[in-house]
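Here is a briefing on the structure shown below.

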Amino acid sequence: MPRRITYRDALREAMDEELARDPMVVIMGEEVAQYNGAYKVTQGLWDKWGDKRIVDTPISEAGFIGMGIGASMLGVRPVMELMFWSFYTVAWDQIVNNAAMVRYMSGGKINCPIVIRGPANGGTSVGATHSHTPENIMASFPGMKCVVPATAYDAKGLLKAAIRDNDPVMFMESTKLYGEEWDVPANDELPGGELVIPLGVADIKRSGTDISLIAHGRAVITCLQAAEILEAEHGISAEVVDVRSIRPLDEETILDSVSRTHRAIYVEEGRPFCGVGAQIAYTIQSKLFDELDAPVLRVTSLDAPAIYSPPLEALQLPTPELVIEKALSIC
Amino acid sequence: MPKLIEMPKLSDTMTEGTLAKWLVKEGDTISQGQSLADIETDKATMEMQSFFEGTLHRLLVKAGEKAPLNSPLAVILEEGETAPDNLDEIIAAAQATANTAAKPAAPASPSSQSQTKSRAAASEGPSTLLPRAPSPNRRIAARVPGVKSSPLARKVAEELGINLYTVTGTGPGGRIVRADVESAEPITAAPRAATPTIRPTAGPDDTRTNVSTMRKIIAERLLASKTQIPHFYLQVEVDAAPMMQFRAHLNQTSEKTTGNKYTVNDFILKAVICAAETVPAINAAWDGDAIIQYKSVGLSVAVAVEDGLVTPVIKAAEQKTLLELSQSVKDIAARAKNKKLSPDDFAGGTITVSNLGAYGIDQFSAIINPPQAAILSIGSIRNAAVVNDKGAIVSGQRMWVGLSGDHRVVDGAVAATFLAEVRKMLENPTLMLV
Amino acid sequence: MAKKSASSESAADAAINRSLTPDDKIKLYREMVRIRRFEQVSLQHYQAGRMGGFLHLYIGQESVATGVVSLMGENDHIITAYRDHGHALAVGMTMNECMAELFGKGTGCSRGKGGSMHYFAPDKNYWGGHGIVAGQTPLGLGLAYGLKYRGLKGAALAFLGDGAVNQGAYHESLNIAELFDLPVIYVIENNGYSMGTSQARSSAFGNSLAERAAGYGIAWDTFSGEDIYEVRAHTHAAIERAHTECRPTVLEVKTYRWEGHSVADANKLKYRTKEEVELHQREHDPIQRWKRVLLDEGVCDEAELKKIDKAAQQEAEESAEFAKASAYPAPETIFEDVYWEVDQMTTAGLTGRHFFND
């Protein structure tokens, strides 16, 4: 019986293991230490590692994110928690002008080994200000990396790789996934003794022959559900490709999948305009034009700010039904 | 060495400046940092400082004059220095290079910087900056008019040598997808193995003429129609006598009053238009997963021209009177013969009339003009022995009217109703004018 | 807890200044003159159209960077805003690399990628060179955090202008600096103008801008930047506080920029009078002042100073020749220095697509 742990526990394990491996790793953010984490991701770490390694910051994103970036220039490896990724807006100058650009503007003299992590999702009735999904924005800046794990397994492996990476990594989670359980082998069950998933490697979560459902983050789960129904009720065999890391991007796996299935839908919880799916669809049509049996389609959140009203917000997000409907329209 | 004071770049966007005012005059002693003049830039008026010490020897630009960036404005001589003989040449040279000096030289060619190649290769970007060889003219996968097919289907069809007209699409909207092409393959596989198409042989005395664009299009469209549209054919014989009498009657006065002489065809067209209004189901087209029924009648009229056949359209034909229709047809036929038709003249057709009566053809079955659903084939009017309603054999005038229909759009009964309506109009021509 | 460092002794008699040897004093003069000559020559070439964008000159403020940097030890770090040439030369960056950067050449300190506002020399503890007003203040905080985390006895000297004190990032930094006991020193170079807006029109304040630190419980001090002795004496106290108490300080240094906000500042003589500028040039030039000190103290004679001056001018002119003669960066370098992992060709750098050019 493989070990099953939650997405939340997987993130904590990753941080705990990296804290043990590298004394320069520091966990920082609002309520991460004594409060045990607003979403309990860092629960227990302060008890174990103490004040020096697990640091509560004031509600002051520009200040503490900028501080983390400055410290990373001196070789500290901060793992900064944004209670919600939505709060990137108040730290944006620090993230984009300092973390992402300082290496370039210094002609390569500086690098920022920093991870900024936290939940980036809608669907929890917290209104527009707390429901941003800025992965398309983060991924659009050369100098930054952007990772969005869908499962506990990926969350652990990708976070460990992100902490070891020497460039700034924007790591996006989902409060709706924190409690979900997945198979995550214990370290002693793994061949290398630990779980590290390199950034820039996509994962085929389900094999299929008729259509590629490509996604990142929680939309991967939506695709897996849709794929089951497509198979059972419509006899359509859908392949689900989880890109996992948006930048760097594993185009090869995506293109290989679509060149086998000849149809593709990109599914994401972000908005459609200038979304991640827009980039992926562009790539597919430009590189696989002669392999396509249908136009590349997208399923995204509806193009409006996240609405508060719970039943309506449910309509705003991608669902398996929407994915199925789009799939049937091109199969 | 004389020093030239040049028009300075005083803002990030400045390309020229106006010398608003000199703050010094010839013969003045100048110190470093001293303000020499007010320069008006695209942003504002700013002071120009001297980077040199010495005596102001000569002003080259008057107050109020414009000068480009870097052009010489004044000459300063060092203490005790006298102006060289070639001062004018120095100034002229500086004037000539003004502005060009402001532009940074182009970076060295990337190919000369091989030391960065290995890093560059890893980052995969640089290749996009290298000059690219012009790409050879690629053959574009043939997009077949009127046939929806996916890029992949077209590619596979090309590889397998399959004519997409022979393939039925099962994708959304009737799109031909890869699977359709692959399953169509066995049907054509056998002949393709030997000879892909049946080709004629030409002897030394035979002529081989490359087809014109028009002929190519005719070939493509009619092949598409004949192979993709399930045609069915109806024929009806019409008593043409009432129409002929009516025409003779009309032309007696018309030529004098309007200058127009009605042709037989005018009446036939009018009858078709009226019938299409009465039976609109015929005025339609097949669109894969839907049938489009047109509100207005776009009447395509087949006109024989040199090296082919064109079918210009009389748009909103149902709104035209018989006279207007007659004039439109004459206009369009004349322009067809003179090759004066514009692409717009071919757009919007919904039903076609082909009339071979003038060639003495009694009856025929035309190929549908895609994507329309019906075409009328009009034969010649001939004298014939007819049995009248009293059972007696009398001399009469008869004409065959044929209809080729797209069975996907209309069924036989609808087409028959339509054709009966055409006959009713022709046999009771006054109805057309109501 | 808030306090204004009181020093009754004259700045010249401060221990930190008494320890200066004649050579040290001449070196301070040389550094200031080098900054001025470098900038004058850079202005000349900017106006000749050989540079792009902006050029923010430090002329008139040389004593501040020179004085502060002269106090820096092995673990003291410095970061500043976009008026960064003076600090760069003071920490030991060469005129050649700095001038070439202005010319956009591959031999520039940032390989032509940063320009005037973005000089960096981490090997000299110099962390830039930042374009966004006050954007560097949290980074300075981070440098202090890094020093403390690594157990190093050092200070992070974060410079900012008087226009930056109203940015939120600066206040957030002050709050965290005191909260976390970080050895950061914010040096407000108050030249009186936030671009074209005078201090009175841009900042609400009681007696000084530094005094705001009191609200955070942070030690603060204000002094004139005209006299390099004074700069050193007051800054030294702050560095000591950082080193021994691991505590922050806010310093406000009164100074004056002779040129516009940038050389493209079209109104530099509109928001202040010509007389005001000339008064500072004539009577408050920190270089002239230091020159008088050296002559009065008998450290050297006028001829020696003139020699230093000439050498600095020559060095600056040579740096312009160097810059002119240098090649522009190769187009391939556009994609270098974006990701560390890609530059180093590590496994991570070679995994996945990092750049999305067609």
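Two strands pair if DSSP finds at least two bridges between them. By that rule, strand S1 (residues 77–80) of chain C pairs with S2(C) in the parallel sense, over two bridges. Thr80(C) stands opposite Gly129(C) in S2(C). The model is a predicted one.

**Chain C: overall build**

- Chain C holds 14 helices and eight strands.
- Its radius of gyration is 21 Å, close to the 21 Å that the globule rule gives for 358 residues, so chain C is as compact as a globular protein of that length.
- The C-alpha trace of chain C spans about 65 × 50 × 40 Å along its principal axes.
- Of the 358 residues of chain C, 58% count as buried.
- Take the contacts in chain C between residues at least 6 apart in sequence: 75% of them join residues at least 24 apart.

**Chain C: the six-stranded sheet**

- Six strands of chain C form an open sheet with parallel pairing, in the order S2-S1-S3-S4-S8-S7.
- Which strands stand at the edges? They are strand S2 (126–129) and strand S7 (219–224) of chain C.
- Each of these two has a single partner strand, so one side of each is left without a neighbour in the sheet.
- From one strand to the next, the twist averages 15°.

- Strand S5 (residues 115–119) of chain A is mostly covered, with five of its five residues buried.
- In a regular strand, side chains alternate between the two faces of the sheet.
- Val115(A), Arg117(A) and Pro119(A) point one way from S5(A). Ile116(A) and Gly118(A) point the other way, and all are buried.
- Strand S4 (residues 77–81) of chain A pairs with S5(A) in the parallel sense over three bridges. Here Val115(A) in S5(A) is the bridge partner of Val79(A).
- S5(A) also pairs with strand S7 (residues 169–173) of chain A, in the parallel sense over five bridges. Phe171(A) in S7(A) is the bridge partner of Arg117(A).

**Chain A: two domains**

- The domain assignment gives chain A a domain 1 (4–189) and a domain 2 (203–330).
- The C-alpha centres of these two domains of chain A lie 26 Å apart.
- Their contact takes 23 residues from domain 1 of chain A and 24 residues from domain 2 of chain A.
- On the side of domain 1 of chain A that touches domain 2 of chain A, helix H6 (135–139), strand S6 (145–147) and helix H7 (152–164) each supply at least two residues.
- That side of domain 1 of chain A divides into 10 nonpolar, nine polar and four charged residues.

**Contact between chains A and C**

- In this contact, 44 residues of chain A meet 42 residues of chain C.
- Which elements of chain A give two or more residues to the side that touches chain C? They are helix H3 (61–73), helix H4 (92–99), helix H5 (102–105) and strand S12 (245–247).
- H3(A) gives the most to that side, with 10 residues.
- By class, the side of chain A that touches chain C has 19 nonpolar, 17 polar and eight charged residues.

**Contact between chains A and B**

- This contact takes nine residues from chain A and 10 residues from chain B.
- The side of chain A that touches chain B divides into four nonpolar, two polar and three charged residues.

**Chain B: sheet and helix**

- Four strands of chain B form an open sheet with antiparallel pairing, in the order S1-S8-S6-S3.
- Strand S1 (3–6) and strand S3 (29–30) of chain B stand at the edges. Each has a single partner strand, so one side of each is left without a neighbour in the sheet.
- Strand S6 (residues 54–59) and strand S8 (residues 72–77) of chain B run antiparallel and are joined by four bridges. Leu59(B) stands opposite Ala74(B) in S8(B).
- Helix H3 (residues 151–160) of chain B has these buried residues: Pro151(B), Leu152(B), Ala153(B), Arg154(B), Val156(B) and Ala157(B).
- Gly161(B) follows H3(B), and its phi is positive, near 70°.

Definitions and conventions. Residues numbered from 1 in each chain as written. Chains lettered and ligands numbered in written order. Predicted model: local features only at pLDDT ≥ 70, side-chain atom pairs only at ≥ 80, totals over all residues. Buried ≥ 20, exposed ≤ 12 C-beta atoms within 10 Å, placed from the backbone. Rg over C-alpha atoms; globule rule 2.2 N^0.38 Å. Contact = placed C-beta atoms within 7 Å. Domains from an automatic or database assignment. Nonpolar A, V, L, I, M, F, W, Y, C, P; charged D, E, K, R; others polar. Axes fitted to C-alpha atoms, helices over the stretch in contact; angles between N-to-C directions.
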